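Keep the viewer open as you read.

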Amino acid sequence: TKIVSVVGARPNFMKIAPIIEQLKIKNKNLKAELKHVLVHTGQHYDEEMSKSFFEDLNLPKPDINLGVGSASHAVQTAKIMIEFEKVCLRERPDLIIVVGDVNSTIACALVASKLGIKIAHIEAGLRSFDRAMPEEINRVLTDAISDYLFTTCEDANENLRKEGIPEEKIYFVGNVMIDTLLRYKERAKKSKILEKLGLNKDLQVRSYALLTLHRPSNVDNRETFINILKALKNVSKKIPIIFPAHPRTQRQIKSFGLEKYFNFVNIESNSCVNIENSINLLDPLSYLDFLNLMANAKFVLTDSGGIQEETTILNIPCLTLRENTERPVTLKEGTNTIVGSNPEKIISKSMDILNGKKKIGRIPKLWDGKAAERIINILIEKL
Ligand code: UD1
């Protein structure tokens, strides 16, 4: 049996890591019956967006890198498809595994489906019901053509049923990203990031807020972006904000001329976080450094999908700077609150947390570190 698994963008790497690990374990028992080929589409290519994750997560070097890089959605998706078709024709896999909702996910799934290759989609069924979000299109389409749909929560199962996906294709297995978080939590404590940022001992725990922001809906429109920044600047008067910024966001800050909102921190040149009234912007961080920053934060402000789930497991309050979420389980059971891009709400919910108001979360069902094992057991049985 031959399996090709696909990664492309930053949020894919931590999802595929436990799958590769399980394949290794199973191969030991099955005497290497499962041949595995790891394909990196090259959607993300910067050192901090890609390579550092391979190092932190002990991922093997990709067997094949399609090297597609950045482009418009159509061009990027098309380039991935052209290159991935060649890979499929050469490798003739029995199954491809795709994760999450990025352009690499749909591009490779679409290629495989036309070639009659079975598709497993990990993290199926999540829906924001917001078609203006590029990821939502990727989710709906990938699920429609997948053969094995592995879900993280009950609401995802329900979404798939409503879209007419037959019950026998849906497998509720838990959350592979949480597998990785639980596995690396202890190791992340050894990260030196807090020292590198110049935070002395008494400032290292619960004395900063952590921010990420990169959605086109938040950073591609100048007015929306400025409104969010004004609110954050206000919050930073009460608690310093640390902001590892996605390359897209850094580019928008320059092109909109918004530098005045930030204190620019460069870890390499030992410049420090300013704790007075500052949004401290730095380059994107590696997995372990970011995990360490999340675990020690007072709270997290984000427009990411995965971070809503990670903060729930870490029991750190999360304010989501979006109007909706495809991960409602983090609202119902976890520590997440939707605040959108409304400045008053961003400020008032931040103040609530600073005044000690804390949502008590519990751990969603099957987010127990064993999702990848369940997935591989199912696939071995079916293939
Ligand atoms: C992609 C995913 C998004 C995910 C995000 C996480 C899609 C549609 N979106 O968005 O769901 O939350 O990754 O990071 O797939 N860039 C670099 N270096 C890189 C990668 C990107 O400088 O290594 C810059 C380029 O200017 C590029 C821009 O970021 O044009 C956007 O990259 P792209 O891969 O198109 O989408 P993301 O915004 O990263």
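C88 is buried, with a relative accessible area of 1%; here buried means under 20% relative accessible area, exposed means over 50%, and partly exposed covers what falls in between, with a 1.4 Å probe and protein chains only. What lies closest to its sulfur among the cysteines? The closest cysteine sulfur to that of C88 belongs to C108, at 7.4 Å, which is too far for a bond. A disulfide is a covalent bond between the sulfur atoms of two cysteines, and the rule used here asks for a pair of cysteine sulfur atoms within 2.5 Å. By this rule the count is 0 disulfides. Another cysteine, C272, counts as partly exposed, at 42% relative accessibility.

A word on how to read these values: this is a predicted model, in which local features need pLDDT of at least 70 and side-chain atom pairs count only at pLDDT 80 or more, while totals for chains, interfaces and linings use all residues. Residues are numbered from 1 along each chain as its sequence is written, and side-chain values use heavy atoms, with hydrogens and water left out.

Now step back to the whole chain. Its secondary structure comes to 16 helices and 14 strands, where helices (H or I, at least four residues) and strands (E, at least two) are DSSP runs numbered from the N terminus. The radius of gyration is 20 Å, close to the 21 Å that the globule rule gives for 383 residues, so the chain is as compact as a globular protein of that length. That radius is taken over C-alpha atoms, and the rule is 2.2 Å times the number of residues to the power 0.38. Along its principal axes, the C-alpha trace spans about 60 × 40 × 40 Å.

Of the 383 residues, 58% count as buried. Among contacts (heavy atoms within 4.5 Å) with a separation of 6 or more, 69% join residues 24 or more positions apart. The chain exposes about 16200 Å², and carbon and sulfur atoms supply 50% of that area, by the Shrake-Rupley method with a 1.4 Å probe.

L181 is buried, with a relative accessible area of 0%. Leaving aside residues up to four places away in sequence, L181 touches Y287, L291, E310, I313 and L314. E310, I313 and L314 are among the buried residues of α13. After α13 comes N315, whose phi is positive, near 60°.

Positive phi values also turn up in two loop residues other than glycine. R92 has a phi near 45° and is found in the loop between α3 (73–91) and β4 (95–99). Is R92 buried or exposed? R92 counts as exposed, at 56% relative accessibility. F129 has a phi near 60° and sits in the loop between β5 (118–122) and α5 (134–145). F129 is likewise exposed, with a relative accessible area of 63%.
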